Amino acid sequence: MEIDLPIIDEKKIEEIKKKNLESLIYHDDDLRRFINENNYSREFVINNLDIFLHYFNDREICKLCPGLINCKKNGFCYTIDNSVKFELRVCSCDLKKEHDKIKQKFVFYHSDDKYIDLFLTNLLEIHSKEREKLIENLKRKVKYIMKNEPITPIFLYGKDGIGKSCIMSVFAVSIIRYCPKARVAYVNTKDIVDSIVDSYYNNPASYEEDINLLSNIPYLFLDEFGQNTLSNIAKEEVLFKIIDNRNRNDLPTFYISNLPIKKIRSKYYINDSDSRTMKCLDYIASNKIRKYELICVKI
């Protein structure tokens, strides 16, 4: 007895499979974010489904995952038609989720992502003993913050490349990690000042919002402080207006610079002792702010 089997349209089957795979890829958070960030068209994704699917299938979560920094499979580099080259991270473990969660809690985070996975205790392992005093001080500050107790500001300076930003970034991350409700901003001073100066001239409402935000956020980190030339408007109406407001409200600000405060004071000098700039620089130079100079070898 013969049975008439329906004719299978192989082309139709391939279209259905392709559609399902496309849906699978676009429903994956990491892949969708990667596609959107690089502005890849849907046509591009469909034409290269095998590459995206290879990433999707290969991304296994190791049982003993060491995290993004130490992961041996930290990404694949694919080349398409010898012209398009892109890299996809493959690690999607719980540590990565914690990493992303911490970063999202920052109001601003202008530092290296690799510092998010470090703890202050790690710094005692990878830094010389000369820094133990500073790091132990930062660990105590985290404990004070956990108890909702006030802490004093810090001015940290030293040559480029010796770990200032690393130490203070990990300190900022530690505040977020152990005090989830804390509001923290870690900013590059030049970038944030340039942005607010632009608002000062072009968007007064945004200017006021930014000044109020940075003036009142509980913990503010100013990286590369005093390292760039600033106009009087940038000094008086932005940077030192924020610092002055914070000083009046007893909110701690943490300064990271490659210059000692005396050189910054000379660089930003205004011939007006009543100016915000000079008052704030005098305050930073006073004994009210703990100062550390890093003189260790580069890391």
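1. Let's start at Asp250, in the loop between helix 11 and strand 7 (helices are DSSP runs of H or I with at least four residues, strands runs of E with at least two, both numbered from the N terminus). Asp250 is exposed, with a relative accessible area of 66% (exposed is over 50%, buried under 20%, partly exposed in between, with a 1.4 Å probe and protein chains only).

2. A word on the basis: this is a predicted model, where local features need pLDDT of at least 70 and side-chain atom pairs count only at pLDDT 80 or more, while totals for chains, interfaces and linings use all residues. Residues are numbered from 1 along each chain as its sequence is written, and side-chain values use heavy atoms, with hydrogens and water left out.

3. Asn148 is another non-glycine with positive phi, at about 65°. Asn148 sits in the loop between helix 7 (132-146) and strand 4 (154-158), and is exposed at 72% relative accessible area.

4. For overall context, the protein has 13 helices and eight strands. Of its 299 residues, 44% are buried. Take the contacts between residues at least 6 apart in sequence: 72% of them join residues at least 24 apart (a contact being heavy atoms within 4.5 Å).

5. Now helix 11 itself, residues 232-248. Look for the kink of about 50° centred on Phe240 (the bend at a residue is the angle between axes fitted to the seven residues ending there and the seven starting there). Twelve of the 17 residues of helix 11 are buried, so the helix is largely enclosed by the rest of the structure.

6. Helix 10 packs on helix 11 at about 40°, with the axes 8 Å apart (axes are lines fitted to C-alpha atoms over the stretch in contact, and angles run from 0 to 180 degrees between N-to-C directions). That makes helix 10 oblique to helix 11 (under 35 degrees is roughly parallel, over 145 roughly antiparallel, 65 to 115 roughly perpendicular, and the rest oblique). Their crossing is right-handed (near helix turned clockwise from the far one by less than a right angle; anticlockwise is left-handed). On the helix 10 side, the residues involved include Tyr207, Ile211 and Leu214, and on the helix 11 side Val238, Lys241 and Ile242 are among them.

7. Asn247 is buried at 16% relative accessible area; beyond its neighbours within four places in sequence, Asn247 is in contact with Cys280 and Tyr283.

8. Six strands form an open sheet with parallel pairing, in the order 3-5-6-7-4-8. Strand 3 (108-109) and strand 8 (290-294) are at the edges with a single partner strand each, so one side of each has no neighbour in the sheet. Strand 6 and strand 7 pair over three bridges (pairing takes at least two DSSP bridges), and Leu222 has Tyr255 in strand 7 as its bridge partner.
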